[in-house]
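Work through the exercises below with the model open. Try each task before reading its solution.

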Amino acid sequence: MDRTTKMSRQTRAELLVFIVALGVLALTCIACPPPSVQTPAGKTAYAADQVVLRIGELQTAAIDANAAGELSTETTRHVVQFTVDAAKTLKASPDGWHTTVGPAYVGMKNQLAPAERARLGPYLGILDAIMVNAR
Amino acid sequence: MNPELLALLLKDIIIPEIAAVIRAHANASGGKMPNDAQVLEALQLDADRYIRAGEAWLKANPA
């Protein structure tokens, strides 16, 4: 292997690490409230609302994929049912949602075939990071 | 990492992207940030929106 190719690969690897680190940094602050939100209840609601929005994006993506024939109706039903239940839990319990929504999310994700998971990949990736940070 | 590459990334991609997001947020909110009451209300409204949309789809596509 020549030196140029080796350095190029190393640079690409470093670049990838840098981009992933930036992504993780952005996601850890995905639910950071603005300074105008000051009470603990407000901060909790802000964080829960960010999760609701991301779950809503998953719902919309699943429904759109179903309409386009890229996601079976049965799978879409699983995903949509999860999003409805999760939104209800987040609305009712913005500070204790993770114990219910976390396992339900894993269960829903495990029902997806690899191709279906790939179709919803970006939305699942964001929710994966949120679930990890919410632990 | 190559310092020149890092500087180029920051200057041409990362900083402009961050600035665009901040500008978009400021324009969308009229430059005002939400207070606690607005955030609490937004959670209820957003959750209701997706509950309604999801239930409507499930009703239209029964098992």
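**Exercise 1. Find the polar contact that joins the side chains of A:Gln111 and A:His78, and describe the setting of A:Gln111.**

Solution. 
- Step 1. This is a predicted model. The side chains of A:Gln111 and A:His78 are joined by a polar contact of 3.3 Å.
- Step 2. Locate A:Gln111 in the loop between H4 and H5 of chain A.
- Step 3. List its contacts, leaving aside neighbours within four places in sequence. A:Gln111 touches A:His78 and A:Glu116.
- Step 4. A:Gln111 has a relative accessible area of 47%. Exposed would need over 50% and buried under 20%, so A:Gln111 is partly exposed.
- Step 5. Take a C-alpha to C-alpha distance. A:Gln111 and A:Arg54 lie 20 Å apart in space and 57 residues apart in sequence.

**Exercise 2. What should helix H4 of chain A span, and what separates its end C-alpha atoms?**

Solution. 
- Step 1. Helix H4 covers residues 98–110 of chain A, which makes 13 residues.
- Step 2. The expected span is 1.5 Å times one less than the number of residues. For H4 of chain A that gives 18 Å.
- Step 3. The end C-alpha atoms of H4 are 18 Å apart, which agrees.

**Exercise 3. Which residues of H4(A) are buried, and which are exposed on the other side?**

Solution. 
- Step 1. The buried ones are A:Val101, A:Gly102, A:Tyr105, A:Met108 and A:Lys109.
- Step 2. They cover an arc of only 135° around the axis, so they sit on the same side of H4(A).
- Step 3. Recall the geometry. An α-helix has 3.6 residues a turn, so residues three or four places apart point the same way.
- Step 4. Turn to the other side of H4(A). There A:Thr99, A:Pro103 and A:Asn110 are exposed.
- Step 5. Look for the cover. The buried residues of H4(A) are covered by parts including H2, H3, H5 and H6 of chain A.

**Exercise 4. How many aromatic pairs does the structure hold over all chains?**

Solution. 
- Step 1. The count over all chains is 1.
- Step 2. The rings belong to A:Phe82 and A:Tyr105, with centres 5.8 Å apart and planes at 50°, so the pair is tilted.
- Step 3. A:Phe82 is in helix H3 and A:Tyr105 in helix H4 of chain A, so the pair ties together parts 23 residues apart in sequence.
- Step 4. A:Phe82 and A:Tyr105 are both buried.

**Exercise 5. Where in chain A is confidence lowest, and where is it highest?**

Solution. 
- Step 1. Start with the whole chain. Chain A has a mean pLDDT of 83, and 76% of its residues reach 70 or more.
- Step 2. The lowest confidence is in helix H1 (residues 3–28), at a mean of 61.
- Step 3. The highest is in helix H3 (residues 73–92), at 95.

Terms used: Residues numbered from 1 in each chain as written. Chains lettered and ligands numbered in written order. Predicted model: local features only at pLDDT ≥ 70, side-chain atom pairs only at ≥ 80, totals over all residues. Heavy atoms only, no water. pLDDT = per-residue confidence, 0-100. Helix = DSSP H or I, 4+ residues; strand = E, 2+ residues; numbered from the N terminus. Buried < 20%, exposed > 50% of the residue type's maximum accessible area, 1.4 Å probe, protein only. Arc of directions from axis to C-beta. Contact = heavy atoms within 4.5 Å. Polar contact = N/O pair within 3.5 Å; in protein donor to acceptor, adjacent residues only side chain to side chain. Phe/Tyr/Trp six-rings, centres within 6.5 Å; stacked < 30°, edge-to-face > 60°.
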